[in-house]
Amino acid sequence: MKSYDAIVVGAGHNGLTNAAYLAKAGLDVVCVEKNDYIGGAAVSRNLYEDWWYSNCSYVCSLLRPEIYRSLELHKHGLQVTPYGGSVQFMENGDYYGSYHDHEVAYREMARFSRKDADAYKRYSADTMRQCRFIRDFLLSTAPDPTSFKPKDLMELARIGGKFMDMGEDRMYETIRFWTMSVAEYLDEYFETDVIKAAMSGSGIIGTALGIHSPGTAYVLLHHYMGDVDGNVGSWGFARGGMGAVSNAIAGALQAAGGEIRTEAGVDKFIVKNGKVSGVALDNGDEIHADIVVSAMDVKRTFLTCMDKSDLPKEFHNRVDNFKIRGSSGKVNIALDGLPDFPALPEGSSLMYSDMHFIDSMERMELAYDDWKDGRWSEDPYIDMVIPTLNDPTMAPPGKHFMSCFVQYCPHKIEGRDWSSEERDAFGQTVINQISNYSPNFKDLILHAEIRTPQDIEAEIGITEGNIFHGELTMDQLLFNRPIPGYAQYRTPIGGLYMCGSSTHPGGGVMAAPGANAAREILSDLKRPNTVPESFGDD
Amino acid sequence: MIRQPVHQGRLKTPFHSRLEKLDFVNEWHEWKGYSTPDSLYCSELEYFAIRNATAVFDLSPMTKYRISGADSLEYLNRLVTRDMGKIKPGRVAYAVWCDDQGQVIDDGTIFHLREGEYRICSQERHLEWLQASAIGFDVTIKHETDDIAGLAVQGPTSFSVLSNMGLDGLGDLKPFGLTHFDFQGSELMISRTGFTGDLGYELWIEPDKAEALWDALFEAGKLHGIRAIGVHALELARVEAGYLAPYEEFLPVDETVRTGHSRSPLELGLEWLVDFKKPNFNGRRALAEEKRKGSNWRLVKLDIEGNKVAVSSFIFENKKASKAAIGFVTSAVWSPVCKQNIALGSVRAPHGKPGDNVWVEIYYQREMHWSRYMAKATVVDKPFWFPPRRSATPPGPY
Amino acid sequence: MTDKYDAIVVGAGHNGLVCSALLAKAGKRVLVLEANEQVGGAAITREFADGYSVSACAHLLYQLQPEVRKDLKLSTRLASEDMTTIALHVDGKHLRLKGHEVEGVSDEDREQYRQFRKRMTRFSDLLRKYLNKPPPRLGTKNFKDLATLGQLGLDMRLLGKNEMREFLRLIGMNIHDEVNERFDSPLLKGAISLDSVLGTHLGPRSPNTIMTYLYRQAGDHGRSGVPAGGMGSVSNELAHAARAAGVTIRTAMPVKRVIVENGRATGVETESGERFDCLTVISNADPKRTMMELVGAKHFETGFARRIHHLRAKGNAAKLHLALDGLPAIAGLSKKDYAERIVIAPDEDYVERAFNPAKYGASSPAPVIEISFPSFRDETLAPTGKHVMSAVVQYAPYALKGGWTDAAKAEFEAAVIRTIERYAPDISERITASELLTPADIEREFHITGGHWHHAELTLDQFLFVRPVASAAQYSMPLEGLYLCGAGAHPGGGVSGAAGRNAARTILNREKAA
């Protein structure tokens, strides 16, 4: 049985990124993956004829440009194309579009409220200020506020300094921003329901929170802080689907001499005397290494793949109570042609945009109430895109791939497992909502893949299928993520590290957790750092 | 319900058809959603229309709000830093308005149209701020940008042109005065205002009569060298006159992401617009504090030696640039009328007092090759161009 | 001017009275003007039906700060003290919560509850320290601000590494997750959830509800009592202390406006047209009423006025008062249990579901309820043999869709009675008179905007440094001579006297510094 310097468990984008940076530092690395394909939740799957589905994550913006550049992902086949705008279809037959062009966006907003249109620039500046504040910390390890170590104190001082630089008034605004609900935050700028509904989506995507839950203004930021070529907040498609991201990182890993082993699911971490020495695979094989890095979520890492007795009791408890909640599902659809949306004028650029079918704050919140009661939303919030309008590689010419991210969708139906009828009914809910705005949509459906949180968990392994590997609430952010005292990628087990989205700065295809963990590991090994620094101010 | 989508491209101003006819170079850019010419035939010649004859600039895209209601004066007095009580009906005031921290949101002109009725005219849009400011006041705020077309008619012969149009009595109009005429059954408002630092007027009319007004104006100006101009020529004249432009000399604070990148009126040399005798106005507390403690920045007008334009230059204390820069140039041009190399800039106080010498780091390119040199500059306190004709009432027949 | 007061306090709520008494003790000439006939604001005892009296708004005393008691030498006599909370169970298997102990749950839950209470007590003690001083300003070089911030940092570290981590984790968290991490008993989870959401526009799943729980504990570790003679006694005692210190209190003198001259507050004018001059105007009214109505937005800068405009203050707590011809029979309660605090919140999801409609402007069909029978230990409140029930009921949103019409009130009252009936089947037969005070009624009667318990929502974005709004958290408002001393200022509502005391100290300190 071969030994390695390091084993990374899980070939999602974070695991691959982590392995790539370790390999670049000269470590003999293997990345093991339970499935027969790599990518975790950033994949392009051929599930129907010549269609390639981004069947989990579907858009790309948060991927840190520092990582993109330092791993030379373009050389490994990655190309991210920005797309513009979004549209909110309204029950009264109207729609609200948001456009790439500032003036057109202004005119559209002014159609509903000129005051809102004017307020938008203040909203952008205020939100961007918070983005700037946080972005700089994405590629750094969160300091431990209880520590007296120079490294932690210096990082705390740096954050404190940046905070102070905002000036008194904006410091208060920052405190408010981090604690408010997205609905209340938006209320301070806008008066038009549909405009607020359009903007509030980013405050709840992937979370088990409603738009009125305090703390969701921050989640908004989590979706805004990405960029495509410096266009902060804009989103893009990976050409070839999200698998292109994983494949490119895998390419970088292999170019640096790393190894990838698929169909190598980990059964247990091998722990002796509080130290890890390798992993035992499902097939009974063992692989040995002094460094083992888990890209799996924190619950799966410690509750499934480790014996309780190997962990300090308090830590085990904390992990047990870490909140990873299934709150969203996916419906992926192969289409025989492009559906019509009669509300949109012919040739509208909004055809290329993100589509949503909820037009009021009340409907947004009602969707959440269903989830709280253990049901999928009867009137869900859907984030729908048709990547094939931009990307010719994912479906045959003239045919299309549609990705529907659906919220809310619970991990269990009123506490019990999903039945297949319920899964179908959930899919039908989504299809019906879209059909309300597209009469020919149903007829164009060739194949639909319906994925509940339970399905995502079963296939990819993420607990409850949560896209962020853990809720983005204050008690699970920064130095609290995933577990207070273990927010620096290390674990109570010597040699065992975490690098998945359960760690700072969290999910979204950022690859920052993987990179940050690599930096900490290399520092523990006293190896030169291969992880890039943040580009800093922009 | 199929709805007309909002217009996707650039909008055309009410004068567009006339501008298009006079356009030879097809250089346009976007201004608040409208197409506006950079230049129509030759910026340099267009500039001399301002200084030598009559230049006509389409300023219809300027943002306009009508303020009316019982509290309109009190409202404006809380909004802007200067005392609007001194601005009688028929007068126009240049004003700045600030946020609570005393940072400039925008500057603009406020027209006292009739007793208790005002128009705010500014570069940027402010409906949200104006409405927030209206809480507790009996005022009505109406957005009227698209209801009024505007033309700047600027230059030494502008008075002659307008008189030739049959607008009698304009001679008595003092700078910053406004008056109303009848034009083909519509109200034509003329104010003696402008952005060129020269003799000049601004004409305001309903969009339907815009083309007719243009035609009448050009007919009347035929013998007085009337020319339509684009933004480039205006920009040259603006810097000579020492006027501020948003996004050049200051950034509207509500769009500023980085703290310290906005400016207060005191930092822009506009203390004369701040009336601390008023008990309350937006920014008063912060500005009083700033006045007590001293400002961080100072806006300077620079007379720079040599003839190489100091675009985007850093400003230093000494020629060796041995210490960190004390500021930067915000606008720079070669002034054709003054034959001076001039600039506006922002420097850290206490630098930049009138009469101070500073050094400007200039990069310039000659036939592909770049050179750098340090130019000595003197801080001046008067506008570079301030001809007597600008304020002569009645204006002479130039 | 001989007529000039050093300070005029607008509103004789408990905070206004505390503030005025402390100023007078420091030698100031103080006038308190109260709109209602009685002093006390929302802490009064009044008759609601012939022969029946009740604490009209606040009905339990659990937050009065020891500092206030000490400063004013109060010796409030309590009819009930250190009350047990009884969480009602439909089958009579009630829970009893007192201090760190809970009865009626598994041993595991009991031990967990002890741990939970210990931790919460530790944290609320830390919080309490800062409730009793003005919040520091951020980003200043002022020594006092820096010292307070430094102290806060130090106090957190003194909790120990582990507890500090827990504090930082829990402070933004929701109570729903915390109770589910610890307990099995639905009733226990419900009771704790209720304590976390009373008086707020939050449900147990709303992040921030651990903070509101802590806030509630930060008075007297959650121990509640009922003053003899109702809450009005506390107010009367405070008024007595104030008068003894030389304060002039005039009731039935609603203030129409604060007079602003030359950019400073110089006095007040009453509805009756009387004018009083002073150096300092201190408002015990809520921030919105103070700034927008009494002073007027025009006397402030736009940014501040806009912040006050956006201040969230929509009450959800209604009060139901019942005149009963005898105690209702609740299975499983002993006679003396009627002296305790009785709550209806069968589980945490029940509380959350009660909250749901409030988000859309509807009242809860199955509300959460906090009940006391103040007449049980206090005969002055009801005719002999008869009783008074006082209940806080949630959620009854201030901005009810369609408004609080008589029909809407009747419907909500019926929902409350229906809910109580499940536990006390004979309640309806016992009722001889009733009064429902919705937040709209509370606004009308007590002049609190939105009828909100805390004058402004108690969430982290309106707490500490940013209460009521950013840049005005130190009692002094951005208008010279104007101060806030009510629940809308730091630290918030509850009959604690903390805001009034902090405001008085701020004013006196400022004077010293000047």
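This is a short tour of a predicted model, stop by stop.

**Stop 1: the domains of chain C**

Select chain C and colour it by domain. Domain 1 is made of four stretches, 5–44, 64–77, 230–312 and 451–513. Domain 2 covers 99–217, and domain 3 covers 314–446. Now show domains 1 and 3 of chain C together: their C-alpha centres are 30 Å apart. Where they touch, domain 1 supplies seven residues and domain 3 supplies eleven. The domain 1 side of this contact consists of two nonpolar, four polar and one charged residues.

**Stop 2: the sheet in chain C**

Stay with chain C and switch to a cartoon view. Look for an open sheet of eight strands, which run in the order S8-S7-S6-S15-S16-S17-S14-S18 with mixed pairing. From one strand to the next, the twist averages 20°. Which strands stand at the edges? They are S8 (101–103) and S18 (431–437) of chain C; each has a single partner strand, so one side of each has no neighbour in the sheet.

Next, select residues 318–324 of chain C, which form strand S14. S14 pairs with S18(C) in the antiparallel sense, over six bridges. Show the side chain of C:Leu320 and find C:Leu436 in S18(C) opposite.

**Stop 3: two helices of chain C**

Select residues 186–197 of chain C for helix H7 and residues 348–359 of chain C for helix H12. Their axes come within 7 Å and cross at roughly 40°. On the H7(C) side, show C:Lys189, C:Gly190, C:Ser193, C:Leu194 and C:Val197; they meet C:Glu348, C:Tyr350 and C:Val351 in H12(C). By class, the residues of this contact are four nonpolar, two polar and two charged.

**Stop 4: where chain C touches chain B**

Bring chain B into view. The contact takes 15 residues from chain C and 14 residues from chain B. On the chain C side, the elements giving two or more residues are helix H10 (287–296) and helix H11 (302–310). H11(C) gives the most, with six residues. The chain C side divides into five nonpolar, seven polar and three charged residues.

**Stop 5: a loop residue in chain A**

Finally, select A:Glu191, in the loop between helix H7 (182–187) and helix H8 (193–200) of chain A. How many other C-beta atoms lie within 10 Å of A:Glu191? There are 15, so A:Glu191 counts as partly exposed. Leaving aside residues up to four places away in sequence, A:Glu191 touches A:Ser113, A:Lys115 and A:Asp116.

Key: Residues are numbered from 1 along each chain as its sequence is written. Chains are lettered from A and ligands numbered from 1 in the order in which they are written. This is a predicted model: local features need pLDDT of at least 70, side-chain atom pairs count only at pLDDT 80 or more; totals for chains, interfaces and linings use all residues. Axes are lines fitted to C-alpha atoms, for helices over the stretch in contact, and angles run from 0 to 180 degrees between N-to-C directions. Helices (H or I, at least four residues) and strands (E, at least two) are DSSP runs, numbered from the N terminus. Two residues are in contact if their C-beta atoms, placed from the backbone, lie within 7 Å. Ala, Val, Leu, Ile, Met, Phe, Trp, Tyr, Cys and Pro count as nonpolar, Asp, Glu, Lys and Arg as charged, and the others, Gly among them, as polar. Domain bounds come from an automatic or database domain assignment. A residue is buried if 20 or more other C-beta atoms lie within 10 Å of its own, exposed if 12 or fewer, and partly exposed in between; C-beta atoms are placed from the backbone. Two strands pair if DSSP finds at least two bridges between them.
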